[in-house]
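Dear colleague,

My notes on it follow directly after.

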Amino acid sequence: MCSMESLNGRGRETDIFHTKGVSVSLQAKLSNNVNVLYNRYTVGSSFGNKIKLGRYSHCLTYTCIISFVNIVQNKMVLAKVFKYQHMFRGFPKFSDLKLVEEELPEIEDGEFLAEAVYLSVDPYMRAYAPRIPIGSTMIGSQVAKITESKNPDYPVGKYVVANFGWRTHTISNGKEEGVVFQPYILPDFEGLPISYGIGGLGRIGNTAYFGLLDICKPKEGETVVISGAAGSVGSIAGQIAKIQGCTVIGIAGSEEKGKWLTEELGFDHFINYKTDDVEKALKAAAPNGIDCYFDNVGGDISSTVIYQMNHFGRISVCGSISSYNSINEPEDILIQFPLVFKQLRMEGFNVSRWSDRHMEGIKQNLKWIKEGKLKCRETVTNGFENMFEAFTEMLKGKNVGKAVVKV
Ligand SMILES: NC(=O)C1=CN([C@@H]2O[C@H](COP(=O)(O)OP(=O)(O)OC[C@H]3O[C@@H](n4cnc5c(N)ncnc54)[C@H](OP(=O)(O)O)[C@@H]3O)[C@@H](O)[C@H]2O)C=CC1
Ligand SMILES: CCCCCC(=O)/C=C/[C@@H]1[C@@H](C/C=C\CCCC(=O)O)[C@@H](O)C[C@H]1O
């Protein structure tokens, strides 16, 4: 491995290579955190090559120079990768990650090369951070185009949905280790955006579909509350509750989100948890109590909702984003009283529970989209190097619908 950390500097260019009589201009734009890693060195002859790297040439080893020449000559693939460098503490910092480049080898039999087109940024990346090994690739999924293949199950030109992490290029044999699902060919979305594969027509859509229908089991005429309502899961869960004939109350953090939920998605009521008194607003919106609660946020919002639930109400615990960035343990919140006295059913879930029904959820959500009953909105950030920004903006609530990054 050859580290070029000492070359760091935003937008710095290293420049001219003359190799075997061919003059090649190489622009290596290095951002603050860019490091260059070499997985494999082909020690070819670079004797006689004139290599000029300005005043930083002392930082490069001979091996690195040869490796650069090989990259230029053989068009080797360089993947950009975000590594998890320091454990997040509190709100994630840019310096907790490191952007590096990895030289990829040629693919072998059974393998394919995929180029990320859309990457997902999700709250679980923060929630699971204590379990991510330091130095490993940041976790996450993507929709990627297969650009080379020696595996007939993954043909060139097709798109895969895969848990490759925060990286632009990946070699895979279709059997990723230690991930919650294996790469699969993007189903036919009948002209809908391929990015939906990491959103409404993927595990996000299925989280809303199964988490609401299998756990809350909402019935026509019932009142359903959704927290995190304008996010990717919440906005879909609320629309599915509307499709079931329920009265739907969405809780989210801005008036713009509220307008979208009520005016475009058909939610019956909106509560802004940042400016409204949630307890009073809930009483006004649900004078007869709440039957189902789809919980994306946890914390005070959730205990306030749970205290207003009707007998035999059902709570689907999807997540608790209000606590993910906390350093301190949350204060005790006594929900046992309503759970016991109202005989509520509260159940946590992980969408992987329904992996064997993955296509059922996708097909149903696709049908509802085609029928005009379900809308999937996205907040798109451009540029792989902006992954961290997209991630933290989502944690701050700047996204409406699904937060994705377009490479
Ligand atoms: N159980 C499972 O299998 C799965 C669970 N999840 C969970 O679902 C939830 C929603 O995820 P997802 O739809 O992908 O993300 P979102 O698209 O909803 O984005 C996160 C949203 O959380 C809101 N938020 C941030 N901080 C707080 C806070 N302190 N209190 C209340 N809301 C906050 C923000 O909206 P706002 O402006 O409203 O504050 C932000 O937009 C998360 O808890 C996630 O962990 C997701 C996928 C699968
Ligand atoms: C208290 C911590 C709760 C964390 C809950 C949570 O967010 C879990 C999520 C993962 C889930 C991710 C699902 C959808 C992501 C959408 C993009 C995509 O990857 O397609 C899955 O990994 C299983 C749950 O653990």
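Predicted model: local features only at pLDDT ≥ 70, side-chain atom pairs only at ≥ 80, totals over all residues.

Helix H3 (203–216) contributes the largest share of the shell around ligand 2, namely three residues. In total, 17 residues surround ligand 2, and the closest are Ser120, Tyr124, Ala127, Ser141 and Arg203. By class, the shell around ligand 2 comprises seven nonpolar, eight polar and two charged residues.

Ligand 1 has 30 residues around it, of which Gly231, Val233, Gly253, Gly319 and Gly397 come nearest. Here the largest share, three residues, is provided by helix H4 (232–243). H2, H4 and H10 each give at least two residues to the shell around ligand 1. Its composition is 14 nonpolar, 14 polar and two charged residues.

Of its 407 residues, 41% count as buried. Among contacts between residues at least 6 apart in sequence, 65% join residues at least 24 apart.

Helix H10 (residues 387–395) can be described in some detail. Its buried residues are Met387, Phe388, Ala390, Phe391, Met394 and Leu395. These cover an arc of only 165° around the axis, which puts them on the same side of H10. An α-helix has 3.6 residues a turn, so residues three or four places apart point the same way. The buried residues of H10 pack against strands E5 (77–84), E6 (97–104) and E7 (112–120), and also against H2, E18 and E19. After H10 comes Gly397, with a positive phi near 90°; Gly397 is also one of the residues that come nearest to ligand 1.

H10 belongs to a right-handed β-α-β unit together with E18 and E19. Strand E18 (residues 378–382) pairs with strand E19 (residues 402–406) in the parallel sense, over five bridges. Within this pairing, Thr381 has Val405 of E19 as its bridge partner.

E15 is joined to strand E12 (residues 223–227) by three bridges, and the two run parallel; Tyr293 in E15 stands opposite Val225. E15 also runs parallel to strand E16 (residues 309–317), with five bridges joining them. The bridge partner of Cys292 in E16 is Arg314. From E15 the chain crosses through helix H7 (residues 299–306) to E16, and this β-α-β crossover is right-handed.

Finally, a word on Phe164, which is placed in the loop between strand E9 (159–162) and strand E10 (169–172). Is this residue buried or exposed? Phe164 is buried: 26 other C-beta atoms lie within 10 Å, where 20 or more are required. Setting aside neighbours within four places in sequence, Phe164 is in contact with Gln142, Ala144 and Thr170. Phe164 and Phe388 are 224 residues apart in sequence, and their C-alpha atoms are 16 Å apart in space.

With kind regards

Definitions and conventions. Residues numbered from 1 in each chain as written. Chains lettered and ligands numbered in written order. Pairing = 2+ DSSP bridges. Helix = DSSP H or I, 4+ residues; strand = E, 2+ residues; numbered from the N terminus. Right-handed = clockwise from strand over helix to strand, strands pointing away. Near = placed C-beta within 6 Å. Nonpolar A, V, L, I, M, F, W, Y, C, P; charged D, E, K, R; others polar. Buried ≥ 20, exposed ≤ 12 C-beta atoms within 10 Å, placed from the backbone. Contact = placed C-beta atoms within 7 Å. Arc of directions from axis to C-beta.
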